[in-house]
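Dear colleague,

Please find below the structure that I am handing over to you, together with its sequence.

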There are 2 protein chains.
Amino acid sequence: MNKQIYNTHNRDDQPFIHDGNHASDGSEPALASWRDGPTKRAILQFVEQVTDRNSPTYVAPAKRIAAFDNDGTLWCEKPSYTQELFIIQHFRHCVEADPQLREVQPYKAFWENDRAYFKNLTIQELGVIIIQAVSSSLQADYEAEIHDFFVHNQHPTYHRPFTETAYVPMLELVCYLQDNAFQVYIVTGGDTDFVRSVSEIMYGIPRSHVIGTSVEIKLDVRDGQPILARQNKIIEPFNEGTGKAINMHLHIGQRPILSVGNSDGDIDMLHFTTHPDHPTLPLLIQHDDDEREFAYDTGAKKAQEMARERGWHIISMKKDFQRVFAFED
Amino acid sequence: MNKQIYNTHNRDDQPFIHDGNHASDGSEPALASWRDGPTKRAILQFVEQVTDRNSPTYVAPAKRIAAFDNDGTLWCEKPSYTQELFIIQHFRHCVEADPQLREVQPYKAFWENDRAYFKNLTIQELGVIIIQAVSSSLQADYEAEIHDFFVHNQHPTYHRPFTETAYVPMLELVCYLQDNAFQVYIVTGGDTDFVRSVSEIMYGIPRSHVIGTSVEIKLDVRDGQPILARQNKIIEPFNEGTGKAINMHLHIGQRPILSVGNSDGDIDMLHFTTHPDHPTLPLLIQHDDDEREFAYDTGAKKAQEMARERGWHIISMKKDFQRVFAFED
């Protein structure tokens with residue numbers, strides 16, 4: 001069904017679209033951009049195990065849930081979260097419209113590009129700023145602003161549209177799972193609407209399969225038409241850490257059997273995926289390729305320690321990815 | 001995809017299952033249990049409009065969202081909500097385990113079957129009692145108790161398992177929409193978990209497509225395994241009235257183009273479905289068949305008035321349904 005959504009999606013009104021999803025035409029083998037090795041073999045073996053009706057490890061399609069973190073897992077999160085750049089632009093637009101805001105934080109920091117101000121923000125603190133950025137606006141206006149951001153901006157070091165900054169091997173993995181009747185979800189700490197705005201066109205993942213951090217919504221009526229207004233309050237729990245497991249339960253109603261993350265905020269999602277009664281595959285991406293991407297382990301050390309302790313598979317971008325981005329070739 | 005979920009669902013561990021879903025074998029025409037008339041014609045015409053690629057009214061599959069209320073829309077809600085009977089049983093079990101609770105409300109009312117106590121409860125007030133019934137319990141225990149209820153109880157007047165109390169024409173409508181690449185959701189005021197426990201087997205609707213009223217969840221770890229514990233607090237908004245529109249936005253990320261309800265609690269969902277830019281089909285069921293079902297309009301008068309005012313189609317159970325339940329024949 002996802003494939004159908006992906007293929008029939010009307011792109012005429014989406015000028016920034018790049019078809020980064022390469023694996024679905026059936027002409028190349030599964031996971032073609034993955035190097036042969038223990039990680040690729042583990043994935044292929046796992047999918048075979050759960051789809052073989054004659055195996056005791058068979059899992060019915062209804063229970064084949066896969067969960068992907070977004071930032072640093074599906075697309076590049078360096079040198080800055082894409083959403084952070086969107087917020088910077090939003091605040092700068094606010095200051096341009098009202099110059100007095102130049103002396104008010106956090107507008108001042110955004111206007112002066114004061115990286116030090118943001119450097120030590122946790123993703124939760126960033127979340128509060130996101131809310132300030134978007135509160136009291138109409139949902140439709142907010143979505144239009146996001147769309148506009150993706151049309152007019154590009155990645156600061158790759159100089160490509162952000163919609164091209166997905167990791168090709170991960171796009172292949174999403175496709176491969178969908179082809180095997182998995183329901184693939186994005187489970188992100190980022191703003192739900194921000195990620196929904198590109199989930200179909202970048203990943204072939206429908207809007208309804210994006211579970212992120214959301215703000216409260218109020219239903220108003222304007223000119224006789226119901227409209228959605230964004231409120232100045234995050235819906236708890238924030239979709240990081242235990243929040244990812246809790247919100248998966250609320251939205252999906254069952255645990256994933258495969259999940260992929262890259263940071264400490266994904267530990268609970270990966271742990272929630274493991275279950276003694278079923279075959280499960282928790283995967284942790286390691287950013288160890290400073291030539292093709294960025295090498296870093298800040299905010300991921302505990303996750304890597306847990307992965308080693310519990311035998312979660314680690315995806316090395318350097319060793320496991322034949323290529324990283326579609327624009328490399 | 002839903003069809004696949006439905007057909008491959010492992011039923012061996014589900015002793016109470018009845019296959020009420022008749023319309024999917026392709027051997028009969030669509031909506032075979034609907035009588036010819038303006039309602040059936042409006043549904044067929046609407047689906048044709050939105051699926052015809054050459055029509056200006058074409059809607060891409062990704063946007064074909066349908067929302068169904070549950071109680072009184074998909075299954076019978078009289079003489080009592082099924083969930084109410086589950087709760088009564090739960091409270092009686094509590095009193096049997098601790099006889100002192102006989103003198104404590106609401107246990108006393110449940111124990112004495114004091115209908116007057118419950119008669120004037122709104123669905124919200126009932127919700128608070130539901131929470132009392134299930135708070136502080138483990139999610140897995142709660143789901144087991146629901147499963148047990150469906151195995152061991154039957155409808156008080158039809159003397160059939162509750163899983164057989166779905167309206168056949170509505171099952172056909174769900175199937176017909178899924179066959180036409182609609183994503184069909186249940187949007188219910190009832191407890192999300194209660195409805196999820198039967199959504200796949202009764203309706204062929206996956207657990208993830210049930211949006212109901214939920215309680216807060218906490219993630220605990222027991223014996224090294226992550227477990228979900230239910231908390232004594234409903235997640236706002238309660239999934240009735242405007243809550244249905246708000247929660248659809250949060251879970252689906254877009255408006256339905258077709259929705260079906262039967263009571264005043266569905267007005268906002270039906271209103272949220274209408275949109276001047278797209279073809280939309282809001283449908284309101286009228287319980288006017290006192291021979292085959294129950295005739296009542298308590299709690300639905302405002303919805304019926306709105307339907308007449310705004311031209312929403314009314315489904316008359318008496319006139320439009322060739323048959324109501326699968327067990328009639």
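B:Lys218 and B:Asp220 form a salt bridge, with the closest N and O atoms 3.1 Å apart; the term denotes a side-chain nitrogen of Lys or Arg within 4 Å of a carboxyl oxygen of Asp or Glu. B:Lys218 is partly exposed, at a relative accessible area of 42%, and B:Asp220 is partly exposed at 23%. (Buried means under 20% relative accessible area, exposed over 50%, and partly exposed in between, with a 1.4 Å probe and protein chains only.)

Some notes on the basis of these values are in order. This is a predicted model, in which local features need pLDDT of at least 70 and side-chain atom pairs count only at pLDDT 80 or more, while totals for chains, interfaces and linings use all residues. Residues are numbered from 1 along each chain as its sequence is written, chains are lettered from A and ligands numbered from 1 in the order in which they are written, and side-chain values use heavy atoms, with hydrogens and water left out.

In chain A, the side chains of A:Lys218 and A:Asp220 also meet in a salt bridge, at 3.2 Å from N to O. A:Lys218 is partly exposed at 41%, as is A:Asp220 at 25%.

B:Arg230 is buried at 0%, and B:Asp191 is buried at 4%. Over all chains, the count of salt bridges comes to 24.

As to the two chains together, a rotation of 180° with 0.0 Å of shift along its axis superposes chain A on chain B, with an RMSD of 0.0 Å (least squares on the C-alpha atoms of residues with pLDDT of at least 70 in both). That is the relation of a two-fold axis.

The contact (heavy atoms within 4.5 Å) takes 47 residues from chain A and 46 residues from chain B. Of the interface residues of chain A, 98% are also interface residues in chain B, so the copies meet through the same surface. Across this interface of chain A and chain B, zero salt bridges are found. Helix 10 of chain A gives the most to the side of chain A that touches chain B, with seven residues.

Yours sincerely

Key:
Helix = DSSP H or I, 4+ residues; strand = E, 2+ residues; numbered from the N terminus.
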